[in-house]
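Me: I have a model open and would like to talk it through with you. Could you keep the answers plain and give the cut-offs as we go?

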Amino acid sequence: EGASRSIFFLEQVLDAGSFFSQAACKILEFISIVNLTQIEDIIKKKNGSFEKGTFRKQKISGTKSFPPGRLIFLTEMGTKKIGRNLFWFRKGLTEFSALYRFVAFFTALEGLDSYFQGASRKDGNFPPSLKDFLKLSLKISPDSFRKWKNIRNDIVHFASRKKDYRKISSEARSNLSDLYNACYYAIARFFTDKAPKPSPLIFYEDLE
């Protein structure tokens, strides 16, 4: 149970790390959860070894700093709230497919609406809804949000729709950067009043 809980917290840290740096923090390989009795034997015998995970250390050229304001995701309640959106944001960064990335970013963005409503009741500086934030703060029209939702639905329900898959893929890619920016700024609104600019989104298929 303790090892399982530790992995949960590790995933939370990776979610937060990915958001703050906009870098794809992920576990490359995790062989096994270390057996606690195995560790005890090694300590007593003062020799031997145990299985351990392998992790990638990201190189970040410019670290962005956030003021320690609204770090609600570090609380037990926070992991059940904004932590979910951080999870989907990281998933959008780590996926290779533009379609999967689009669905992940949209899921992270759409799920923020109830948080805006709750925050607005406590703080009048918060927009009363996600759509109000997109319109007033980011100057994004409701038509864009509806378009993103339609693209997301086309991707998820493609098998039941008579649509050209190549067109859906092209629309998802052409709208992905705007969706990513909107998702980043909307999540960042719960941490700071003025978020730094996000890093440019990298398309894996463009890398050699």
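Me: Leaving aside its neighbours within four places in sequence, which residues is F133 in contact with?
Reply: F133 is in contact with F116, P127, L138, Y185, A186 and R189 once those neighbours are set aside, where contact means heavy atoms within 4.5 Å. Please keep in mind that this is a predicted model, in which local features need pLDDT of at least 70 and side-chain atom pairs count only at pLDDT 80 or more, while totals for chains, interfaces and linings use all residues. Residues are numbered from 1 along each chain as its sequence is written, and side-chain values use heavy atoms, with hydrogens and water left out.

Me: Where does F133 lie, then, and is F133 buried or exposed?
Reply: F133 lies in helix α7, residues 130–136, and F133 is buried, with a relative accessible area of 4%. Buried means under 20% relative accessible area, exposed means over 50% and partly exposed is in between, using a 1.4 Å probe and protein chains only. Helices (H or I, at least four residues) and strands (E, at least two) are DSSP runs, numbered from the N terminus.

Me: And R189, how many residues apart are F133 and R189 along the chain?
Reply: They are 56 residues apart along the chain, and the C-alpha atoms of F133 and R189 are separated by 9.3 Å.

Me: Stepping back, how many helices and strands does the chain have?
Reply: The chain has 9 helices and 0 strands. Of its 208 residues, 36% count as buried, and among contacts with a separation of 6 or more, residues 24 or more positions apart account for 67%.

Me: Which helices do the buried residues of α5 pack against?
Reply: The buried residues of α5 pack against α4, α6 (113–122), α7, α8 and α9 (165–188). Since 10 of the 13 residues of α5 are buried, this helix is largely enclosed by the rest of the structure; the buried ones include F102, F105 and F106.

Me: What length does α5 reach from its first C-alpha to its last?
Reply: Helix α5, residues 98–110, reaches 18 Å, close to the 18 Å expected at 1.5 Å a residue. That expected span is 1.5 Å times one less than the number of residues in the helix. Helix α4, residues 82–94, has 13 residues and reaches 19 Å, close to its expected 18 Å, and its buried residues include I82, L86, F89 and L93.

Me: Changing topic, how many cavities of 30 Å³ or more does a search of the whole structure find?
Reply: The search finds 1 cavity of 30 Å³ or more, and about 40 Å³ of space lies in the largest cavity. On a 1 Å grid over the protein atoms alone, a cavity is a set of points where a 1.4 Å probe fits but cannot get out, and lining residues have an atom within 4 Å of a point. Grid points are joined across faces, edges and corners, and a volume is the space filled by probe spheres set on the points.

Me: Which residues line the largest cavity?
Reply: Its lining is made up of K131, L134, K135, I140, S141, P142 and F145. Helix α7 gives the most, with 3 residues, and α7 and α8 (142–156) each supply at least two.

Me: What about K139, where does K139 lie?
Reply: K139 lies in the loop between α7 and α8, and K139 is exposed, with a relative accessible area of 68%. Phi of K139 is near 60 degrees, a positive value in a residue other than glycine.

Me: Last one, is Q12 buried or exposed?
Reply: Q12 counts as buried, at 12% relative accessibility, and its place is in helix α1, residues 2–21. Q12 and R84 are 72 residues apart in sequence and 9.3 Å apart in space, C-alpha to C-alpha.

How values were computed: On a 1 Å grid over the protein atoms alone, a cavity is a set of points where a 1.4 Å probe fits but cannot get out, and a pocket is an open set with protein on both sides within 12 Å along at least five of seven lines; lining residues have an atom within 4 Å of a point.
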